[in-house]
Amino acid sequence: MTVILVILAGVVFDPLAPLPSAPAAAMVILQIVHSLPRLRRLRGPWTLAAQALLFPWAGQGAPGLLAASVLLIARGPLRWLLFCAVVAATGLLNTADAYTCVNAMVNALTQGLVLFGVTRLNDLRIELHDARHELAEASVAEERERASRDLESVLGSSLSAIIALAAQGRTGDILTLARRAAARARQAPSDPAQPSFDDLTPRLALPILVAAHLGFLIVSAVFLWRAALPPAVLAIGLPAVVVVTLLQLHHSLPRPPGVRPQHVGWTLPLQLVLVLVPLFLPDRPYPQLIGFAAGSLLILWTRWAAFPAVGAVLLATAATMALRGVPPADNLYWTLNALAIAVMFHGLALHTDMVTEVRQARLALAGIALSRERRRISRDVHDLLGYSLSAIVVKGELAVHVPERAAEQLADITRIAERALTDLAAVPGDSSHALSLGTELASAREVLSAAGATVHADPVIELPGEIDALLATVLREAVTNVLRHSRARHCRIELTRQNATARLRITNDGAGEATAPPGQGLTNLARRVTALGGTLRTARVPGGYELLVLQPTGLGRDPDGVKTVARV
C-alpha cells in the first residue's frame, strides 16, 4: 500500500506547481479509492466517470490516473479499448509539437500500466496469500483420484482375479498373483510430480514490465532525437539509452527469492556509468536516465543500503546540474522525476517478486501436501493390503500342501480378498475403517496357526479407539513380517496397560527379521506410533525376535495397573 501511494505521488506531483488544483486533488482522491484495498468497495462506474470528467482540467499525471482506473474498473476487452482511447485523447490534448504529443501519450500509457500493475499485483498477492492452501487441497484431491484409478487397475484387479480363481480352485495361479500383488503393495511411493496447475498466476506482470520499459525508452529516444544533438553524440546516446533500458528490464525481471540477476556484478556498474556520463556532456547535462540506475539500486540492494545510495546519487545529480548551470526549477524537476521513475520501477519489481514468492509458497505447500498424501496412501496400502496378501499366500500354500483342507482355505482366501477390496476402496479417500485390535488378534491367531506356528496371545484390554486402531495396525504388520521373513514355530503376543501406557510386545522364535534390513512397513509403524507420542523398538532377543510398542493411552492410572475387559 505504501508503494502504491509513493508511486501515485510520483505520477501527479509537479515541483513547478506543488499545490494541486481542485480538479487534480479530486482526481488523486478518486485514484486512492480505486487503488487501496480498504477503499475499493467505494469505487464503481460513477467514480470512473467522475475521473473522466476531471481529466481535461487536472493537469500533470491525470492521463496516467485515468488510464490506470480504466484498467482497474472496466472488464474484458472493453477496458483495453478505453485505455487506448485515454492514451489517444491525451495526445489530442497535447499537440504543440511531435515531442510533446508523443511524450504525453507515452507517459499516460506507462504511468497507467505501472499504477494498474502495482495495484493489481498487490491484489493478486493478497489473493494468493489468502488462497495459499487451495492449491494444496486441489492437488491432494487430484492425487487421491489418480491413486484410486491406479490401485483399482493394479491391486483391485488382482484381488478380484484372486476371488475368481478361488472359485475355480486354481491355487497355483492364486499364489503367483498374490505374491506379485504383495510386492506391488510393498513398493515405496514415487516422488510426486510438481502440482500440475496453478490458477492464479501473474500473467500480466511481464507484459506490464516490458511495456513500461518500452514506454520510457520511446520517450527518451524521441527527446534525444528532438534535441538536435551532433550526429556523433546521437550515435552514442541512442544505443546507450537502449542498453540502459534493457539492463533495467534485466534487473527488474521476476526471479526466485534470494536469486540475483545473472552477471549483476557488471551489469549494475555498467548501467551506473551509462546514466552518469550524460551529466558531463559538453553542451549540457542530460539527467533523464538517472531514475533507471536509482531504480536498479532499490531493486537489487537491501533497503538499508539502497536508500542512502539512491539519496547520494540524486544529491550528486542535483549538485552536478547546479554546477553545470541548470536553473533551480529544472534541477528540482529532473531530480524528482528521477526519484519518481526509480520508485515506479522498484514498485513494479517489488510487487512482481511478492507475487512470485507467494505463488512459489503455494506450489511448495502443494508439493508438500502431495508428497505427504502419496506417502499416506502408500503406507496404508502397505499396512492394510500387505497383511491380507500375505495371509492369502499362507492359505494358498496350505491348500496346496494339505489338499483335504483346500476347500476351507479357498473359502478363507475369498473372504480375505473381499475384505482387502473393501480396505483398498477406502484408502485413497483417507476414510479406511479403523482396525480393531480384537479382530486383528483373532485373525493373527488364525493365520499364524495356518502357517504352522503356535500362538499365545494375552486378552484384549480396553483402549481409546485411536490407540486400539494403532496397535491393531502394529499387530497386523508384525504378523505380516513373521509370515514374510521368518519360519517361526512359536509366537507370543503380550498386551498390557500400566500407568496410562499400553504395552504391546510381539516375539517369535524366527530369526529372519533380525537379519533383514528395515523395510517400509517398520518405518511406517514407527511414524504412526511416534505421531501419537509412543515408541517402537525391534531387536534380537534370546531365542528369537521382538517388536515392542509403548504407547500412552491418556486414560489415567489404574489402581491395579492392568485392566482386562475382554477375551479373544
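**Salt bridges, packing and cores**

Start with Arg415: it is partly exposed, at a relative accessible area of 41%. Bear in mind that this is a predicted model. What does the Arg415 side chain meet? It meets the side chain of Asp412 in a salt bridge, 3.6 Å from N to O. Asp412 is buried, with a relative accessible area of 13%. Both residues sit in helix α15, residues 406-426, and being 3 residues apart they are separated by about one helical turn.

Stay with α15. Arg419 forms a salt bridge with Glu440, at 2.8 Å from N to O. Here Glu440 lies in helix α16 and Arg419 in α15, so the pair ties together parts 21 residues apart in sequence. Is Glu440 buried or exposed? Glu440 is buried, at a relative accessible area of 1%. Arg419 counts as partly exposed, at 29% relative accessibility.

Next, another α16 residue. Glu446 and Lys395 meet through their side chains in a salt bridge, 3.0 Å from N to O. This one links distant parts of the chain: Glu446 is in α16, residues 437-450, Lys395 is in helix α14, residues 328-401, and they are 51 residues apart. Lys395 counts as buried, at 3% relative accessibility. Glu446 is partly exposed, with a relative accessible area of 30%.

How many salt bridges are there in the whole structure? The search finds 13. There is also a network of salt bridges, which links Arg492, Glu494, Arg503, Arg505 and Glu546.

Now helix packing. Look at α4, residues 62-73, and α5, residues 77-92. Their axes come within 8 Å and cross at roughly 170°. That makes α4 roughly antiparallel to α5. From α4, the contact uses Pro63, Leu66, Ala67, Val70 and Leu71; from α5, Arg79, Trp80, Leu82, Phe83, Val86 and Thr90. By type, these contact residues are 9 nonpolar, 1 polar and 1 charged.

On to the cores. The largest nonpolar core has 72 residues. Leu66 and Phe83 are among the residues with the most contacts inside it, and so is Ile290. Leaving out residues up to four places away in sequence, Ile290 touches Val275, Leu276, Leu279, Val313, Leu314, Thr317 and Ala338. A second, separate core has 69 residues, including Ile413, Leu435, Ala450 and Leu536.

Last stop: helix α12, residues 290-300. Why is α12 described as largely enclosed by the rest of the structure? Because 11 of its 11 residues are buried. Phe292, Leu297 and Leu300 are among them.

Note on methods: Residues are numbered from 1 along each chain as its sequence is written. This is a predicted model: local features need pLDDT of at least 70, side-chain atom pairs count only at pLDDT 80 or more; totals for chains, interfaces and linings use all residues. Side-chain values use heavy atoms; hydrogens and water are left out. Buried means under 20% relative accessible area, exposed over 50%, partly exposed in between (1.4 Å probe, protein chains only). Helices (H or I, at least four residues) and strands (E, at least two) are DSSP runs, numbered from the N terminus. Axes are lines fitted to C-alpha atoms, for helices over the stretch in contact, and angles run from 0 to 180 degrees between N-to-C directions. Angles under 35 degrees count as roughly parallel, over 145 as roughly antiparallel, 65 to 115 as roughly perpendicular and the rest as oblique. Contact means heavy atoms within 4.5 Å. Ala, Val, Leu, Ile, Met, Phe, Trp, Tyr, Cys and Pro count as nonpolar, Asp, Glu, Lys and Arg as charged, and the others, Gly among them, as polar. A nonpolar core is a set of buried Ala, Val, Leu, Ile, Met, Phe, Trp, Tyr and Cys residues joined through side-chain atoms within 4.5 Å. A salt bridge is a side-chain nitrogen of Lys or Arg within 4 Å of a carboxyl oxygen of Asp or Glu.
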